[in-house]
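Hello,

Here is the structure I promised to pass on. Please open it first, and then read the notes below.

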Amino acid sequence: MEVRAYIIRRVLLIIPVLVGVSLIVFAILALFSPEQRAAAFITDIRQLRDIRGVIRSHGLDAPVYVQYFNWLKEVFHGNLGWSKTAQRPVLTAFFYFLPNTVELALFSAPLVILVGIWLGTISAVHQGKLIDHLTRTGAIVGWSLPTFWFGLLLLMIFYGYFRGLLPPEALGTQAGLLVRSEAFTRYTHINTLDALLNGNFFIFFDALRHLILPVITLTVVQCAMVMRIMRSSMLEALAKGYIATARAKGADEKTVVRKHARRNAMIPVITVSGYLFALLIQGVVITETIFNRKGLGWWWARAAVNLDVPAVLGSVIFSALIFVITNLIVDLLYAYVDPRVRLG
Amino acid sequence: MTEKILEIKELKTNFYTYEGVVKALDGIQLEVNQGETVGLVGETGCGKSVTSLSILRLILPPGRIEKGKIIFKLKQQSRFKDNYVDLLSQSEKFMRTIRGNEISMIFQEASSALNPVYTVDEQISESFLLHQKSQLYQEAIREIDQEINQARISWKKRTLGLEKTIFQALLNNQTSLPAKILGFLPGGWKYRGRIKRQARKKSIEILAQLGIANPENIVDRYPHELSGGMQQRVVIAMALACNPNLLIADEPTSNLDVTIQAQILDLIRDLKRKFKSSVLFITHDLGVVAEMCDRVAVMYAGNICEIAEVKELFRNPLHPYTKALLNAVPRGGKTKLESIEGNVPNLINPPSGCRFHPRCALALSVCSQVNPPLLERAKEHFLACHYYGEKNK
Ligand SMILES: Nc1ncnc2c1ncn2[C@@H]1O[C@H](COP(=O)(O)OP(=O)(O)OP(=O)(O)O)[C@@H](O)[C@H]1O
Ligand code: SF4
Ligand SMILES: [Mg+2]
């Protein structure tokens, strides 16, 4: 009951957050002159002659707050505008690009959590041994690599020297055609999942092959971070009195580490997972752009470069929404794992 | 008539640190008889906790038990002669059946001794689940039998019957295939649930035996929801869960306020009588020793320097260090060990011979060369000091 009231309160809080986010975006837009913003609507060089007309027809010369309320009005009619980079309405484009990104996140997030926690635990349990030094060095390297740089490095290696082994984009040509054919039912638009549901292993492995490099690029930084936090909190937990108590009770080392220490050591990892998620969104933009994988990040990057205002607005609002929801989930999870935390 | 349940012989424990080898225990001799409370006193850092951890073989790297014998009498029938076993020569696996079952330990700080993310029930039950599986299975089977008798519908009887066969298989062989499958099978929760309910019943029982009001309520709380005194009671319940032969209490009342301290001490005394276990009581509070213990061992810098019955020790202390300790105690008021001249020796380069000689007013020339052996100088009164031998020549 208490939990439900908490969730309702948090969900209602999303509204002011979204309003705030949209206000910030409009404030940034106000920094541009009407002419600069009009440039975004010009698709043909001949329109330049009538730039005033373009400005007027899109209401770009009105005061910012008027533009803001016009935009709000449209939003309430379910119209987020036309994205010229996607050549689709923003909402449609969002759902068009979403599956590729969800697929990437679906493979990356569990990998980050499992590998990060696993390596952190191992390295803490074997503190000072070779395996600890190796994982720690790995984590420092992984953490210091900028995502774009690491992605480009992989790109260079795998497209330059091992051509065709791990190709870019989301699917190969042949698989792409198959996916679009009549015989293939698109249940979720997530390639790997649909391939399994259709029982088509050729497409499944092709999609998987295309996922490897983006997933590695996306996870390496976060894995390193989770691992480092996990290691230090695990070391802290292992030195606690309750660990000695567990050993004195006759529990074996596996139980001591997994049941008594790890549950406690997970708490700091959960607290930073909201931040991890922000990193993920940031990483998705870079990764999808590098590997030419047509997902939300790819679209957002192009929209930003091409001053596709409705798309940028939409994307900022979408990511704010996702961010708020993830934070809610993180808080609930936090309260579940740590009984000392009270929701409120 | 008194039966030894613990006999420590020549126990040496070192810690291999970067600064050097910490010679924490330098040949400890100590005995605990059945049903007796032995106090272990000494200044901070003299090796009391290391002694207790060595008994349970819980010395972790960089520490190592170098040599010695820890002879312990098991409560259950076993393959060992007269049930005496040298713990130092046993496997780690064997030690796990000892810890929490035959020998239990209460640690210095109650607040950190409980795991913050598990309920009281989960923590006490763990002891039963670790050491009394077969009893739990038997009780589960008994419970199923009752349910079968009450069941009206035939299919229900049949599923209960199946459950019973599973528990019987588990009872016969705890590492059997069904046990392994139940360990990770999602459906196994039903059977695990029944066992956990049995363990929970026992947890409530033990809390009730400790005189805790409404244990059904306490059992579902998390440690942070309990007061310091209640936390310590839970720790004690956890330690006594499997009715151990020996309870090691390492300063069980430090960090508690005085009234709670008195309550906890009363509790331990009562329980000792009720459970008929022996207690090794570690403290640096001589007042508590006088109140709780039958015999006392005085420790200095990794050595036992004097052992005697409580009255005898207070009336007739023989070791210069013990005398200094007793003189340092203001009678009546605060009874803590403090302010003895000189510094606590560093255990990496301890003084040669008798480790107390730099601080000893009576030191002889032999004292800095030969470590005095622990000898029975009066009836049941053991002493490690050259001066006494010289004086009575
Ligand atoms: N893990 C360790 N590493 C290095 N030295 C240690 C370690 N544990 C204990 N020691 C050393 O062993 C000696 C005895 O420590 P111990 O904890 O047994 O003291 P104590 O008598 O229990 O003191 P207190 O009254 O403060 O609890 C100390 O000198 C300490 O420095
Ligand atoms: S052996 Fe010597 S130094 Fe040690 S206590 Fe006795 S008299 Fe003092
Ligand atoms: Mg201690």
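At what angle do helix α4 and helix α10 of chain B pack, and how far apart are their axes? Before the answer, a word on the ground rules: this is a predicted model, in which local features need pLDDT of at least 70, side-chain atom pairs count only at pLDDT 80 or more, and totals for chains, interfaces and linings use all residues. Residues are numbered from 1 along each chain as its sequence is written, chains are lettered from A and ligands numbered from 1 in the order in which they are written, and side-chain values use heavy atoms, with hydrogens and water left out.

**A helix pair in chain B**

Helix α4 (residues 120-131) of chain B packs against helix α10 (residues 228-240) of chain B at about 25 degrees, and their axes are 8 Å apart. Axes here are lines fitted to C-alpha atoms, for helices over the stretch in contact, and angles run from 0 to 180 degrees between N-to-C directions. Helices (H or I, at least four residues) and strands (E, at least two) are DSSP runs, numbered from the N terminus. The angle makes α4(B) roughly parallel to α10(B) (under 35 degrees counts as roughly parallel, over 145 as roughly antiparallel, 65 to 115 as roughly perpendicular and the rest as oblique). On the α4(B) side the contact (heavy atoms within 4.5 Å) is made by B:V120, B:Q123, B:I124 and B:S127, and on the α10(B) side by B:V234, B:A237 and B:M238.

**Two sheets in chain B**

One open sheet has eight strands, in the order β6-β7-β8-β3-β9-β10-β12-β11 (chain B), with mixed pairing; two strands pair if DSSP finds at least two bridges between them. At its edges are β6 (103-106) and β11 (375-378) of chain B, each pairing on one side only. From one strand to the next, the twist averages 25 degrees. Strand β3 (residues 37-41) of chain B runs parallel to strand β8 (residues 278-283) of chain B, and five bridges join them. There, B:V38 stands opposite B:L280 in β8(B). Helix α14 (residues 320-328) of chain B packs on this sheet and touches β9 (295-300) and β10 (303-309) of chain B; its direction makes about 105 degrees with that of β9(B).

The other open sheet has four strands in the order β2-β1-β4-β5 (chain B), with antiparallel pairing. Its edge strands are β2 (21-33) and β5 (84-86) of chain B. Strand β1 (residues 4-16) of chain B pairs with β2(B) over 10 bridges, and B:F15 has B:V22 in β2(B) as its bridge partner.

**Two backbone details**

Most residues other than glycine have a negative phi, and most peptide bonds are trans. The peptide bond from B:P61 to B:P62 is cis, with omega near 10 degrees, and B:P62 lies in the loop between α1 and β4 of chain B. B:A301 has a positive phi, near 45 degrees, and lies in the loop between β9 and β10 of chain B.

**Where the chains meet**

In all, 19 residues of chain A are in contact with 24 residues of chain B. The two chains bury about 2,000 Å² between them, 61% of it on carbon and sulfur atoms; buried area is the accessible area (1.4 Å probe) that two parts lose on being put together, summed over both.

Best wishes
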